[in-house]
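Trainee: I'd like to learn how to read a model like this one, feature by feature. Can we go through it together?

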Amino acid sequence: MNYFGGIEAGGTKFVCVVTDEGKEVLAETRFPTTTPKETLGRVVQFFQEENARLPQPISAIGVACFGPLDPAPESPTFGYITTTPKPGWANTPVVGPLREAFGVPVAIDTDVNAAAVGEGVWGAAQGLSDFLYLTIGTGIGGGAVVNGRPVHGLIHPEMGHIRIPHDLADDPFPGRCPYHGDCFEGLACGPALMERWGVPADQLPPDHPAWQLEAHYIALALQSFICTLSPKRIILGGGVMQQAQLFPMIRAETIALLRGYVQSPAILEEIDRYIVPPGLGGRAGVLGGVALAQALFRETRQA
(Lines give C-alpha, C1' and ligand atoms only; values in the text may rest on other atoms or scores of the structure.)
Protein backbone atom coordinates (compact mmCIF):
# COMPACT_ATOMS: atom_id res chain seq x y z
CA MET A 1 0.00 0.00 0.00
CA ASN A 2 1.25 3.46 -0.94
CA TYR A 3 0.17 6.62 0.84
CA PHE A 4 -0.03 10.13 -0.57
CA GLY A 5 -0.03 13.68 0.72
CA GLY A 6 -2.25 16.43 -0.65
CA ILE A 7 -2.02 20.13 0.13
CA GLU A 8 -4.47 22.89 -0.73
CA ALA A 9 -2.30 25.96 -0.28
CA GLY A 10 -4.70 28.88 -0.14
CA GLY A 11 -4.16 32.53 0.55
CA THR A 12 -6.39 32.29 3.63
CA LYS A 13 -5.84 28.73 4.85
CA PHE A 14 -3.87 25.55 4.16
CA VAL A 15 -5.50 22.11 4.12
CA CYS A 16 -3.31 18.99 4.28
CA VAL A 17 -4.46 15.37 3.93
CA VAL A 18 -3.01 11.89 3.77
CA THR A 19 -4.84 9.37 1.61
CA ASP A 20 -4.60 5.79 0.51
CA GLU A 21 -4.10 4.84 -3.16
CA GLY A 22 -7.57 6.20 -3.94
CA LYS A 23 -9.15 9.25 -2.36
CA GLU A 24 -9.98 7.97 1.13
CA VAL A 25 -8.73 10.58 3.58
CA LEU A 26 -6.85 8.95 6.47
CA ALA A 27 -5.75 12.16 8.20
CA GLU A 28 -6.47 15.85 7.74
CA THR A 29 -5.51 19.20 9.21
CA ARG A 30 -6.19 22.82 8.34
CA PHE A 31 -4.71 26.05 9.64
CA PRO A 32 -4.52 29.75 8.70
CA THR A 33 -2.01 30.98 6.14
CA THR A 34 0.45 33.17 8.03
CA THR A 35 4.12 33.64 7.10
CA PRO A 36 5.81 31.21 4.70
CA LYS A 37 8.17 29.92 7.40
CA GLU A 38 5.44 29.26 9.94
CA THR A 39 2.90 27.88 7.46
CA LEU A 40 5.25 25.56 5.59
CA GLY A 41 6.69 24.50 8.94
CA ARG A 42 3.24 23.33 10.02
CA VAL A 43 2.86 21.45 6.73
CA VAL A 44 6.14 19.61 7.30
CA GLN A 45 5.23 18.86 10.92
CA PHE A 46 1.87 17.36 9.91
CA PHE A 47 3.37 14.97 7.37
CA GLN A 48 6.23 14.04 9.69
CA GLU A 49 3.73 13.10 12.40
CA GLU A 50 1.62 11.10 9.95
CA ASN A 51 4.68 9.31 8.57
CA ALA A 52 5.41 8.14 12.10
CA ARG A 53 1.92 6.60 12.31
CA LEU A 54 1.73 5.00 8.88
CA PRO A 55 3.03 1.51 8.05
CA GLN A 56 5.33 3.22 5.55
CA PRO A 57 6.04 6.87 4.68
CA ILE A 58 4.06 8.78 2.09
CA SER A 59 5.24 8.11 -1.47
CA ALA A 60 4.59 11.54 -3.04
CA ILE A 61 3.05 14.93 -2.26
CA GLY A 62 0.91 17.14 -4.47
CA VAL A 63 0.27 20.84 -3.93
CA ALA A 64 -2.74 22.78 -5.23
CA CYS A 65 -1.37 26.27 -4.74
CA PHE A 66 -2.47 29.88 -4.94
CA GLY A 67 -0.42 31.92 -7.34
CA PRO A 68 0.79 33.13 -9.64
CA LEU A 69 3.39 30.36 -9.50
CA ASP A 70 6.05 28.72 -11.64
CA PRO A 71 4.86 25.22 -12.64
CA ALA A 72 7.63 24.48 -15.20
CA PRO A 73 9.95 21.68 -13.94
CA GLU A 74 12.81 22.91 -16.14
CA SER A 75 12.72 26.41 -14.63
CA PRO A 76 15.18 27.48 -11.89
CA THR A 77 12.20 28.83 -9.94
CA PHE A 78 10.02 25.74 -10.38
CA GLY A 79 7.61 25.40 -7.48
CA TYR A 80 7.87 29.05 -6.42
CA ILE A 81 4.96 31.35 -5.73
CA THR A 82 5.97 34.35 -7.83
CA THR A 83 4.22 37.73 -8.07
CA THR A 84 1.40 37.19 -5.61
CA PRO A 85 0.08 40.34 -3.92
CA LYS A 86 -0.24 38.37 -0.65
CA PRO A 87 2.19 40.09 1.75
CA GLY A 88 5.35 38.11 2.44
CA TRP A 89 4.69 35.32 -0.05
CA ALA A 90 6.14 36.68 -3.30
CA ASN A 91 9.08 34.60 -4.58
CA THR A 92 8.50 31.84 -2.01
CA PRO A 93 9.70 28.28 -2.75
CA VAL A 94 7.08 25.67 -1.94
CA VAL A 95 8.31 22.49 -3.63
CA GLY A 96 11.93 22.76 -2.44
CA PRO A 97 11.25 22.65 1.32
CA LEU A 98 8.96 19.64 0.90
CA ARG A 99 11.49 17.74 -1.21
CA GLU A 100 14.19 18.48 1.34
CA ALA A 101 12.04 17.38 4.27
CA PHE A 102 10.73 14.12 2.80
CA GLY A 103 12.87 13.11 -0.17
CA VAL A 104 9.84 12.14 -2.26
CA PRO A 105 8.44 13.44 -5.58
CA VAL A 106 6.49 16.68 -5.14
CA ALA A 107 4.02 17.92 -7.75
CA ILE A 108 2.61 21.43 -7.85
CA ASP A 109 0.03 23.24 -9.93
CA THR A 110 -2.39 26.10 -9.53
CA ASP A 111 -5.25 25.47 -7.14
CA VAL A 112 -7.73 25.52 -10.02
CA ASN A 113 -5.69 23.28 -12.31
CA ALA A 114 -5.30 20.79 -9.49
CA ALA A 115 -9.02 20.93 -8.69
CA ALA A 116 -9.73 20.28 -12.36
CA VAL A 117 -7.45 17.22 -12.30
CA GLY A 118 -9.21 15.95 -9.18
CA GLU A 119 -12.62 16.43 -10.78
CA GLY A 120 -11.40 14.48 -13.81
CA VAL A 121 -10.21 11.55 -11.71
CA TRP A 122 -12.97 11.33 -9.09
CA GLY A 123 -15.53 14.07 -9.64
CA ALA A 124 -17.89 15.69 -12.13
CA ALA A 125 -15.58 15.28 -15.16
CA GLN A 126 -14.81 11.57 -14.91
CA GLY A 127 -14.32 10.04 -18.34
CA LEU A 128 -13.89 13.39 -20.09
CA SER A 129 -10.71 14.45 -21.88
CA ASP A 130 -11.59 18.15 -22.26
CA PHE A 131 -13.32 20.23 -19.61
CA LEU A 132 -13.11 23.43 -17.60
CA TYR A 133 -13.11 24.07 -13.86
CA LEU A 134 -13.79 27.59 -12.58
CA THR A 135 -13.75 28.75 -8.99
CA ILE A 136 -15.67 31.89 -8.12
CA GLY A 137 -15.00 33.06 -4.60
CA THR A 138 -12.52 35.45 -3.00
CA GLY A 139 -10.93 35.52 -6.46
CA ILE A 140 -11.75 33.89 -9.77
CA GLY A 141 -9.55 31.31 -11.45
CA GLY A 142 -9.89 28.63 -14.07
CA GLY A 143 -8.24 25.34 -14.91
CA ALA A 144 -8.61 23.86 -18.37
CA VAL A 145 -7.95 20.19 -19.10
CA VAL A 146 -7.28 19.51 -22.79
CA ASN A 147 -6.56 16.01 -24.11
CA GLY A 148 -6.47 14.81 -20.52
CA ARG A 149 -3.81 17.24 -19.28
CA PRO A 150 -4.09 20.65 -17.58
CA VAL A 151 -3.11 23.58 -19.77
CA HIS A 152 -0.01 25.58 -18.83
CA GLY A 153 1.79 27.39 -21.64
CA LEU A 154 3.75 30.56 -20.94
CA ILE A 155 2.93 30.24 -17.22
CA HIS A 156 -0.64 29.10 -16.59
CA PRO A 157 -4.10 30.41 -17.49
CA GLU A 158 -5.44 33.38 -15.53
CA MET A 159 -9.07 33.12 -16.56
CA GLY A 160 -10.30 35.46 -13.88
CA HIS A 161 -8.54 38.36 -15.59
CA ILE A 162 -10.18 38.26 -19.01
CA ARG A 163 -12.09 41.35 -20.04
CA ILE A 164 -15.86 41.05 -20.25
CA PRO A 165 -18.39 43.67 -21.41
CA HIS A 166 -19.20 46.13 -18.62
CA ASP A 167 -22.17 48.46 -19.05
CA LEU A 168 -21.36 51.33 -16.68
CA ALA A 169 -24.87 52.74 -17.01
CA ASP A 170 -26.37 49.47 -15.79
CA ASP A 171 -23.58 48.70 -13.30
CA PRO A 172 -21.52 51.76 -12.28
CA PHE A 173 -19.32 49.69 -9.93
CA PRO A 174 -15.74 50.29 -11.19
CA GLY A 175 -14.44 46.84 -10.30
CA ARG A 176 -11.93 45.92 -7.62
CA CYS A 177 -9.05 44.16 -9.37
CA PRO A 178 -5.84 46.02 -8.39
CA TYR A 179 -4.40 45.32 -11.86
CA HIS A 180 -7.34 45.62 -14.26
CA GLY A 181 -10.24 47.18 -12.40
CA ASP A 182 -13.30 45.71 -14.09
CA CYS A 183 -11.99 42.40 -15.43
CA PHE A 184 -14.04 39.25 -14.76
CA GLU A 185 -12.63 38.86 -11.25
CA GLY A 186 -12.90 42.57 -10.57
CA LEU A 187 -16.62 42.51 -11.33
CA ALA A 188 -17.78 39.09 -10.16
CA CYS A 189 -15.65 37.78 -7.26
CA GLY A 190 -17.10 37.59 -3.75
CA PRO A 191 -15.46 40.80 -2.48
CA ALA A 192 -16.79 42.64 -5.56
CA LEU A 193 -20.31 41.58 -4.60
CA MET A 194 -19.78 42.85 -1.07
CA GLU A 195 -18.34 46.19 -2.20
CA ARG A 196 -21.05 46.71 -4.82
CA TRP A 197 -24.03 45.87 -2.57
CA GLY A 198 -22.68 46.75 0.87
CA VAL A 199 -23.16 43.34 2.55
CA PRO A 200 -21.41 39.97 2.25
CA ALA A 201 -22.68 37.94 -0.68
CA ASP A 202 -24.04 35.17 1.52
CA GLN A 203 -26.34 37.70 3.22
CA LEU A 204 -28.05 38.73 -0.02
CA PRO A 205 -31.48 37.09 -0.44
CA PRO A 206 -31.94 34.66 -3.36
CA ASP A 207 -34.21 37.09 -5.22
CA HIS A 208 -31.83 40.05 -4.92
CA PRO A 209 -30.92 41.68 -8.28
CA ALA A 210 -27.26 41.00 -7.45
CA TRP A 211 -27.66 37.40 -8.57
CA GLN A 212 -28.99 38.16 -12.04
CA LEU A 213 -26.09 40.55 -12.63
CA GLU A 214 -23.65 37.96 -11.28
CA ALA A 215 -25.12 35.27 -13.55
CA HIS A 216 -24.77 37.63 -16.50
CA TYR A 217 -21.07 38.25 -15.84
CA ILE A 218 -20.32 34.57 -15.33
CA ALA A 219 -22.24 33.65 -18.49
CA LEU A 220 -20.30 36.26 -20.49
CA ALA A 221 -17.08 34.55 -19.42
CA LEU A 222 -18.45 31.08 -20.14
CA GLN A 223 -19.54 32.14 -23.62
CA SER A 224 -15.95 33.16 -24.35
CA PHE A 225 -14.48 29.98 -22.88
CA ILE A 226 -16.92 27.79 -24.81
CA CYS A 227 -15.94 29.50 -28.05
CA THR A 228 -12.18 29.31 -27.37
CA LEU A 229 -11.67 26.02 -25.50
CA SER A 230 -14.78 24.05 -26.50
CA PRO A 231 -14.93 22.16 -23.19
CA LYS A 232 -17.13 19.08 -22.93
CA ARG A 233 -18.25 20.17 -19.46
CA ILE A 234 -17.92 23.25 -17.26
CA ILE A 235 -17.64 22.86 -13.49
CA LEU A 236 -18.32 25.91 -11.31
CA GLY A 237 -17.02 25.87 -7.73
CA GLY A 238 -16.06 28.38 -5.06
CA GLY A 239 -17.93 30.17 -2.32
CA VAL A 240 -20.10 32.35 -4.57
CA MET A 241 -21.42 29.23 -6.33
CA GLN A 242 -22.87 27.99 -3.05
CA GLN A 243 -25.87 30.10 -4.10
CA ALA A 244 -27.84 27.32 -5.78
CA GLN A 245 -30.14 29.77 -7.59
CA LEU A 246 -27.18 30.87 -9.72
CA PHE A 247 -26.90 27.66 -11.73
CA PRO A 248 -30.21 27.86 -13.64
CA MET A 249 -29.68 31.58 -14.21
CA ILE A 250 -26.16 31.04 -15.59
CA ARG A 251 -27.32 28.17 -17.83
CA ALA A 252 -30.15 30.22 -19.31
CA GLU A 253 -27.94 33.29 -19.81
CA THR A 254 -25.18 31.25 -21.45
CA ILE A 255 -27.59 29.78 -23.97
CA ALA A 256 -28.97 33.27 -24.68
CA LEU A 257 -25.48 34.72 -25.23
CA LEU A 258 -24.41 31.91 -27.56
CA ARG A 259 -27.49 32.62 -29.73
CA GLY A 260 -27.46 29.18 -31.30
CA TYR A 261 -23.94 29.49 -32.69
CA VAL A 262 -22.59 26.38 -30.95
CA GLN A 263 -24.86 23.64 -32.23
CA SER A 264 -24.24 20.90 -29.68
CA PRO A 265 -26.87 18.80 -27.89
CA ALA A 266 -24.76 19.12 -24.74
CA ILE A 267 -25.70 22.82 -24.66
CA LEU A 268 -28.99 22.93 -26.51
CA GLU A 269 -30.59 19.88 -24.86
CA GLU A 270 -28.53 18.93 -21.79
CA ILE A 271 -27.34 22.23 -20.32
CA ASP A 272 -28.11 20.98 -16.79
CA ARG A 273 -25.42 18.33 -17.27
CA TYR A 274 -23.05 20.71 -19.05
CA ILE A 275 -22.69 23.49 -16.45
CA VAL A 276 -22.48 21.72 -13.09
CA PRO A 277 -21.17 22.02 -9.51
CA PRO A 278 -18.04 20.10 -8.45
CA GLY A 279 -18.48 16.42 -7.75
CA LEU A 280 -15.87 16.66 -4.99
CA GLY A 281 -17.49 19.68 -3.35
CA GLY A 282 -15.18 21.67 -1.10
CA ARG A 283 -12.46 19.01 -1.30
CA ALA A 284 -11.79 19.46 -5.02
CA GLY A 285 -8.58 21.41 -4.35
CA VAL A 286 -6.92 19.18 -1.77
CA LEU A 287 -7.95 15.96 -3.53
CA GLY A 288 -6.65 17.53 -6.73
CA GLY A 289 -3.31 17.79 -4.93
CA VAL A 290 -3.55 14.07 -4.14
CA ALA A 291 -4.33 13.30 -7.78
CA LEU A 292 -1.22 15.26 -8.83
CA ALA A 293 0.88 13.32 -6.34
CA GLN A 294 -0.42 9.97 -7.53
CA ALA A 295 0.15 10.84 -11.19
CA LEU A 296 3.72 12.00 -10.52
CA PHE A 297 4.43 8.85 -8.50
CA ARG A 298 3.27 6.66 -11.41
CA GLU A 299 5.39 8.65 -13.86
CA THR A 300 8.43 8.36 -11.61
CA ARG A 301 8.07 4.60 -11.31
CA GLN A 302 7.71 4.20 -15.08
CA ALA A 303 10.77 6.34 -15.87
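This is a predicted model: local features need pLDDT of at least 70, side-chain atom pairs count only at pLDDT 80 or more; totals for chains, interfaces and linings use all residues.

Trainee: Sheets, then. In what order do the strands of the sheet that holds S1 and S4 lie?

Mentor: The general idea is that strands of a sheet pair through backbone hydrogen bonds, either parallel or antiparallel. Helices (H or I, at least four residues) and strands (E, at least two) are DSSP runs numbered from the N terminus, and two strands pair if DSSP finds at least two bridges between them. Here 5 strands make an open sheet with mixed pairing, in the order S3-S2-S1-S4-S7. S3 (25-32) and S7 (106-110) are the edges, each with a single partner strand, so one side of each has no neighbour in the sheet. On average, neighbouring strands are turned by 15° against each other, direction ignored; axes are lines fitted to C-alpha atoms, for helices over the stretch in contact, and angles run from 0 to 180 degrees between N-to-C directions.

Trainee: How many bridges join S1 and S4?

Mentor: There are 6, and S1 (residues 4-9) runs parallel to S4 (residues 60-65). Glutamate 8, for instance, has alanine 64 in S4 as its bridge partner. Helix H3 (residues 111-122) touches S4 and S7, its direction making about 105° with that of S7. Helix H10 (residues 284-302) touches S1, S2 (13-19), S3, S4 and S7, at about 135° to the direction of S1.

Trainee: And S7: how many of its residues are buried?

Mentor: Buried means under 20% relative accessible area, exposed over 50%, and partly exposed in between (1.4 Å probe, protein chains only). In S7, 5 of its 5 residues are buried. S7 pairs with S4 in the parallel sense over 5 bridges, and alanine 107 in S7 stands opposite glycine 62.

Trainee: What is the strand order in the sheet with S8 and S11?

Mentor: That open sheet has 5 strands in the order S10-S9-S8-S11-S12, with mixed pairing. Its edge strands are S10 and S12 (275-276), each pairing on one side only. S8 (residues 131-136) and S11 (residues 234-237) run parallel, joined by 4 bridges, with leucine 134 partnered by leucine 236 in S11. H3 turns up again, lying across S8, S9 (140-146), S10 and S11 at about 50° to S9.

Trainee: Let's look at single residues. Is isoleucine 250 buried or exposed?

Mentor: Isoleucine 250 is buried, with a relative accessible area of 0%, and is found in helix H7 (residues 246-258). Leaving aside neighbours within four places in sequence, its contacts include Ala215, Leu236 and Ile275. Compare glutamate 50 in helix H1 (residues 36-53): glutamate 50 is buried at 11% relative accessible area, and beyond four places in sequence it is in contact with Val18 and Ala27.

Trainee: How many disulfides does a search of the whole structure find?

Mentor: A disulfide is a pair of cysteine sulfur atoms within 2.5 Å, and the search finds 0. For cysteine 183, the nearest cysteine sulfur belongs to cysteine 177, 3.8 Å away. Cysteine 183 is buried, at 0% relative accessible area, whereas cysteine 227 is partly exposed, at 41%.

Trainee: Which residues of helix H5 are buried?

Mentor: In H5 (residues 190-197) they are Gly190, Pro191, Ala192, Leu193 and Arg196. They pack against helix H4 (184-188) and helix H6 (209-229). Glycine 198 follows H5, with a positive phi near 90°.

Terms used:
Residues are numbered from 1 along each chain as its sequence is written. Side-chain values use heavy atoms; hydrogens and water are left out. Contact means heavy atoms within 4.5 Å.
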